[in-house]
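Welcome! Take a moment to look over the sequence and turn the structure around, and then let us walk through it together, beginning with a pair of helices.

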Amino acid sequence: MKDIGSYKTNLISAFQNSEEICELLFNKAPFTRSDIKNLPYSQIFPYLYADETQTEVKSFICVEVDIPEIPTNTVKNMKLIIWAYCHKEIMRYSKAGYSGTKVDILSDMIERKIRDSDKFGIGKLKLESVSYFFPNNKYYGKQMIYNMPDFKIGRA
């Protein structure tokens with residue numbers, strides 16, 4: 001079970017180490033090391049977070065990890081769920097090499113950042129689905145679900 005926390009930590013770290021993702025989240029460049037350090041539990045969460053009383057207009061990333069199946073004594077199937085969502089007032093966004101709304105671009109940045117990572121499971125992550133969701137009436141987002149096999153005994 002310690003893998004769940006490790007995966008969340010690795011995902012959050014990957015997003016914090018992406019200049020493009022940070023620029024989008026902060027809606028500015030440059031940003032400081034202190035800004036990046038403060039992302040966890042302010043705009044990147046290790047669980048689905050949607051504050052109904054949020055007054056600031058921001059973008060968010062939330063992550064969750066499930067173990068839906070343990071098919072053998074040595075391998076388990078893992079599921080990563082990533083939510084990327086933005087306030088509806090800030091959907092207009094442009095960045096060279098990307099297209100769509102701010103949520104579309106943030107989702108694409110996330111996909112590009114983690115798709116070839118070797119920090120998650122055995123082999124590459126497999127994107128299973130992308131769907132829209134409304135965490136509340138002011139925000140709109142995408143839910144991305146990745147599946148991957150991993151060894152049953154977790155790595156440290």
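Helix α2 passes α4 in a left-handed crossing; a crossing is called left-handed if the near helix is turned anticlockwise from the far one by less than a right angle, and right-handed if clockwise. The model you are looking at is predicted: local features need pLDDT of at least 70 and side-chain atom pairs count only at pLDDT 80 or more, while totals for chains, interfaces and linings use all residues. Residues are numbered from 1 along each chain as its sequence is written, and side-chain values use heavy atoms, with hydrogens and water left out. Helices (H or I, at least four residues) and strands (E, at least two) are DSSP runs, numbered from the N terminus.

Back to our pair of helices. The axes of α2 and α4 are 10 Å apart, and the two pack at an angle of about 155 degrees. Axes here are lines fitted to C-alpha atoms, for helices over the stretch in contact, and angles run from 0 to 180 degrees between N-to-C directions. α2 and α4 are therefore roughly antiparallel to each other, on a scale where angles under 35 degrees count as roughly parallel, over 145 as roughly antiparallel, 65 to 115 as roughly perpendicular and the rest as oblique. Which residues meet here? From α2 come Glu20, Ile21, Leu24 and Leu25, and from α4 come Lys102, Ile105, Leu106, Met109, Ile110 and Lys113; contact means heavy atoms within 4.5 Å. The residues of this contact of α2 with α4 divide into seven nonpolar, no polar and three charged. In this count, Ala, Val, Leu, Ile, Met, Phe, Trp, Tyr, Cys and Pro are nonpolar, Asp, Glu, Lys and Arg are charged, and the others, Gly among them, are polar.

Stay with α2, which spans residues 19-26, and pick out its buried residues: Ile21, Cys22, Leu24, Leu25 and Phe26. Buried means under 20% relative accessible area, exposed over 50%, and partly exposed in between (1.4 Å probe, protein chains only). What covers these buried residues of α2 includes α1 (2-16), α3 (33-37), β1 (44-45), β2 (59-69) and α4 (102-114). Just after α2, Asn27 takes a positive phi of about 60 degrees.

Now move to α1, which also packs against α4. The angle between α1 and α4 is about 110 degrees, with their axes 10 Å apart, and the two are therefore roughly perpendicular to each other. α1 passes α4 in a right-handed crossing. Leu11, Ala14 and Phe15 of α1 make the contact with Ile110, Lys113 and Ile114 of α4. The residues of the contact of α1 with α4 divide into five nonpolar, no polar and one charged. Helix α1 also holds Tyr7, which is buried, with a relative accessible area of 3%. Tyr7 and Phe151 are 144 residues apart in sequence and 13 Å apart in space, C-alpha to C-alpha.

Two strands pair if DSSP finds at least two bridges between them.

Let us cross the sheet strand by strand. β1 and β2 pair in the parallel sense over two bridges, and Ile44 stands opposite Ile61 in β2. Next, β2 and β3 run antiparallel and are joined by nine bridges, with a hairpin of five residues linking them. Cys62 stands opposite Trp83 in β3, and Phe60 stands opposite Tyr85 in β3. How buried is β3 (residues 75-87)? Of its 13 residues, 11 are buried, so β3 is largely enclosed by the rest of the structure.

Finally, β4 and β5 run antiparallel, joined by eight bridges, and Tyr132 has Lys142 in β5 as its bridge partner.
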